[in-house]
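I opened the notebook to log a walk through this chain.

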Amino acid sequence: MGQSHAIAEIVPYVQMYRAGLAPEGRPAGVFLLLGPTGTGKTRTVEALADALHGSEKSLVRVDCGEFQMEHEIAKLIGAPPGYLGHRETPPMLTQQKLGAMTSEGSNLALVLFDEIEKAAPSMTRLLLGVLDKAVLRLGDNTSVNFERTLIFLTSNLGASAMRKEVLPDFGFGSAMPGSGDGTLRKLSSIGLGAVKRKFAPEFVNRIDAVVTYQPLDADALEAILDQQVAALERHIAHRLEDRAFALELDASARRFLLAKGTNREYGARELKRIILRKLTQPLAAMVEANLVPPDSVVLAAHHGDSDQLTLSVAESQ
Ligand SMILES: Nc1ncnc2c1ncn2[C@@H]1O[C@H](COP(=O)(O)OP(=O)(O)OP(=O)(O)O)[C@@H](O)[C@H]1O
Ligand SMILES: [Mg+2]
């Protein structure tokens, strides 16, 4: 939601791959996703996994924060035979793991390297080989082919400078600086500058697109609220089965959640937290106290300057 420029960068590479026109000897696409926290970088890859494979969990995720020390690379590629602990250190990235994250619908695997700025230099070197030749050589000298993968790198490089850009009056609270093309351009150049300072040119050159995510605007947050409420309703139907009930938020309840959950610093994470605290938890307390009969409708509204939603139960029509 609200990051259509990111989708527009990624989709052509998926289409090229599906059409059989992706270049050989390299990954089908390499993207570096930058931008403030909670704006949908990881969510993009999950949504793509859902679209391609029918499950948002169908992706290989490597948390580079786990590979900050040189010796930890063995966890990624496995220790060479003959090394102490060789058998206890199976490689994390294998051809089999890549294959397991594909589906009948598509054999394109999605690989996400989170927080690459934290990786040890030897990992950056390994990554260079993957981006360049689509090959990763493992400790036991076998290799993993990455031609049928889209690779997503995420980084919070430049994030603090971006934060200053979108929060110029941090500390004064309410005023919301505008987002839009101007902001996006500024954030992009901050991000790219930080990336060029941190990584060698040959690394930057192997990235197909650097995509900067922008702070979520009001429309995007509204759409995300709808998604989250729909997900909660599905959850109620699925988990409570014959005790399930319907949920309705009126305009005042939506306004309250959006006003409370709008936060430039934490993006949609704050909105999700507010939904949990102000809607899901009070709802759970009512269910636990047997106050919600099966098939009823729970109406959520907000009155005056209360800090809570008012939840009331109505008989189903
Ligand atoms: N643009 C968006 N569209 C839909 N949902 C979003 C969006 N941005 C954030 N969310 C929601 O917020 C959650 C957190 O977002 P996400 O994990 O994508 O953040 P991120 O950009 O990867 O942040 P970080 O830099 O901290 O990793 C997601 O699971 C999703 O539910
Ligand atoms: Mg993330």
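Entry 1. Which residues are buried in H1? I looked them up: Ala6, Ile10 and Tyr17 are buried. I note here that the model is predicted.

I then asked what lies over them. The cover of the buried H1 residues includes strand E1 (29–34), H2 and strand E7 (209–212). I checked the length of the helix as well. H1 covers residues 4–18, which is 15 residues. From its first C-alpha to its last I read 21 Å, close to the 21 Å expected at 1.5 Å a residue. Just after H1 I found Gly20 with a positive phi of about 80 degrees.

Entry 2. I stepped back to the whole chain. I counted eleven helices and ten strands. The C-alpha trace spans about 65 × 50 × 45 Å along its principal axes. Of the 317 residues, 33% are buried. I also looked at contact range. Among contacts between residues at least 6 apart in sequence, 70% join residues at least 24 apart.

Entry 3. How many of its six residues are buried? The tally is six of six, so E3 is mostly covered by the cut-off of 20 or more other C-beta atoms within 10 Å. I sorted its side chains by direction. Ala109, Val111 and Phe113 point one way. Leu110, Leu112 and Asp114 point the other way. Both sets are buried.

Next came the partners of E3. Strand E2 (residues 60–63) runs parallel to E3 and is joined to it by four bridges. In that pairing, Asp63 has Asp114 as its bridge partner in E3. Strand E6 (residues 149–154) also runs parallel to E3, with five bridges between them. There I found Leu110 opposite Leu150 of E6.

Entry 4. I moved to Leu108, in the loop between helix H4 (95–100) and E3. Is Leu108 buried or exposed? Leu108 counts as buried because it has 21 C-beta neighbours inside 10 Å, and the cut-off is 20 or more. I listed what Leu108 touches, leaving out residues up to four places away in sequence. The list is Tyr17, Ala28, Leu52, Thr102, Arg148, Thr149 and Leu150. Two of these names were already in my notes: Tyr17 is one of the buried residues of H1, and Leu150 stands opposite Leu110. Leu108 and Arg61 are 47 residues apart along the chain, and 15 Å separates their C-alpha atoms.

Entry 5. I looked up the domain assignment. The chain is given domain 1 (4–215) and domain 2 (219–314). Their centres, taken over C-alpha atoms, are 33 Å apart. Where they meet, nine residues of domain 1 contact six residues of domain 2. On the domain 1 side I sorted the touching residues by class: five nonpolar, three polar and one charged.

Entry 6. I then read along helix H9, residues 218–240. Glu241 follows H9 and has a positive phi, near 45 degrees.

Entry 7. Last, I went to ligand 1. Which of the 18 residues around ligand 1 come nearest? I found Thr37, Gly40, Thr42, Arg43 and Ala268. Helix H2 (41–53), H9 and H11 each supply at least two residues of the shell. By class, the shell has five nonpolar, nine polar and four charged residues.

Entry 8. With 14 other C-beta atoms within 10 Å, Arg269 is partly exposed. Beyond its neighbours within four places in sequence, Arg269 is in contact with Thr37 and Gly38. I had already logged Thr37 among the residues that come nearest to ligand 1. The C-alpha atoms of Arg269 and Gly2 are 15 Å apart, across 267 residues of chain.

Terms used:
Residues are numbered from 1 along each chain as its sequence is written. Chains are lettered from A and ligands numbered from 1 in the order in which they are written. Domain bounds come from an automatic or database domain assignment. Two residues are in contact if their C-beta atoms, placed from the backbone, lie within 7 Å. Ala, Val, Leu, Ile, Met, Phe, Trp, Tyr, Cys and Pro count as nonpolar, Asp, Glu, Lys and Arg as charged, and the others, Gly among them, as polar. A residue is near a molecule or strand if its C-beta atom, placed from the backbone, lies within 6 Å of it. A residue is buried if 20 or more other C-beta atoms lie within 10 Å of its own, exposed if 12 or fewer, and partly exposed in between; C-beta atoms are placed from the backbone. Two strands pair if DSSP finds at least two bridges between them. The expected span of a helix is 1.5 Å times one less than its number of residues.
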